[in-house]
Amino acid sequence: MLTSYRLERAFFALDTVSVARALLGQRLVRIDAGARLSGLICETEAYAGPDDPASHAHRRTHRSAIMYGPPGFAYVYFIYGMYFCLNAVTEVDGQPGAVLLRALLPLDGIEILRTRRPGVWDSRLTDGPGKLCTALGITRMQNGLDLCTSEELFLQASASVPDEAVVATPRIGVRCDAGALSRPWRFVWHPAPPGASPALLAARP
DNA sequence: CTCTCGATGCGCT
DNA sequence: GCGCATCGAGAGA
C-alpha cells in the first residue's frame, strides 16, 4: 500500500497536542504470536509535562521517566487493578509528553480481537483505552518498546482525517485538572460511513 | 438510552 | 493508605 510507511521519530517529536491530533487516522499495528492485529486510531488524548496536573509527567517518577525520554516509544501503564493503557511518547528528548490511544476502528485480525473480547459487538472491540489493550494483547510487556523500530508494535501512516471530521473535547476520566475546560486535548475522529444513523454518530466510535 | 457503583493492583506520599 | 488517563453490570426512565 502506498501510504503504509511506518511513522518515523520526527512524527512524534512535535508538541503533544499536535501529535494527538495527527495520530487520528493512523494505523496501530500489533504483531502478536505471528498474527497481525491492527486498527485505525480514532480517539486520542494529549498529556503534557509538569504544567499539566492530569499528566503522569506532572511529577518525574520512576513510572513517568519514559515520558521525559526520546519520542516514539511506547508507554504502557496499569490502571484500576485490571487494565492497561497505551501511550506514545512525544516531544524532543528531555521534554515530557505522551498521547494516550483511546480507541481504534479494527482492521486486521478481527477474529482474534473477538476471542479476546468475547460477547461484545464488533463496534465495541476497541472503543476504550483498556479495551484496545485487551483486544490487541498489550500489557506492561510492551512498555518501553520503540515504536519506530519494533516489529511487534508500531504505527503506519494511513487515512487522512479532515478537520471537519474531528471533535476536540476535554479529556475523559481526568479528575485532577481544575482547568480541564481550557485543555480540550481529547481528539475524536468521527468518520461518517455512508448511511450511518445520527444515533450511531453520536455514540463514541 | 443514562446513571451509579464495585472490582481490583499498584504507584506514590 | 489513598486514589486512579477504566470497564461492565444493573437499575431506572
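How much accessible surface does chain A have, and what share of it belongs to carbon and sulfur atoms? The accessible surface comes to about 9,900 Å², and 59% of that belongs to carbon and sulfur atoms; such areas are computed by the Shrake-Rupley method with a 1.4 Å probe, and for residues only the protein chains shown count as cover.

A word on how to read this. This is a predicted model, in which local features need pLDDT of at least 70 and side-chain atom pairs count only at pLDDT 80 or more, while totals for chains, interfaces and linings use all residues. Residues are numbered from 1 along each chain as its sequence is written, chains are lettered from A and ligands numbered from 1 in the order in which they are written, and side-chain values use heavy atoms, leaving out hydrogens and water.

Let us start with the overall fold. Chain A contains five helices and eight strands, where helices (H or I, at least four residues) and strands (E, at least two) are DSSP runs numbered from the N terminus. Their order from the N terminus is α-α-β-β-β-β-β-α-α-β-β-β-α. The radius of gyration of chain A is 16 Å, close to the 17 Å that the globule rule gives for 205 residues, so chain A is as compact as a globular protein of that length. That radius is taken over C-alpha atoms, and the rule is 2.2 Å times the number of residues to the power 0.38.

Now look inside. Of the 205 residues of chain A, 47% count as buried (under 20% relative accessible area; exposed is over 50%, partly exposed in between; 1.4 Å probe, protein chains only). The largest nonpolar core has 42 residues, and Phe12, Leu23, Leu28 and Leu86 have the most contacts inside it. Such a core is a set of buried Ala, Val, Leu, Ile, Met, Phe, Trp, Tyr and Cys residues joined through side-chain atoms within 4.5 Å. Strand E2 (residues 35–47) gives this core its largest share, six residues. Beyond its neighbours within four places in sequence, Leu23 is in contact (heavy atoms within 4.5 Å) with residues including Leu7, Phe12, Ile41 and Leu155.

Finally, visit Asn143, in the loop between helix H4 (129–136) and strand E6 (153–156). Asn143 is partly exposed, with a relative accessible area of 36%. Leaving aside neighbours within four places in sequence, Asn143 is in contact with Ile66, Ala74, Tyr75 and Val76.
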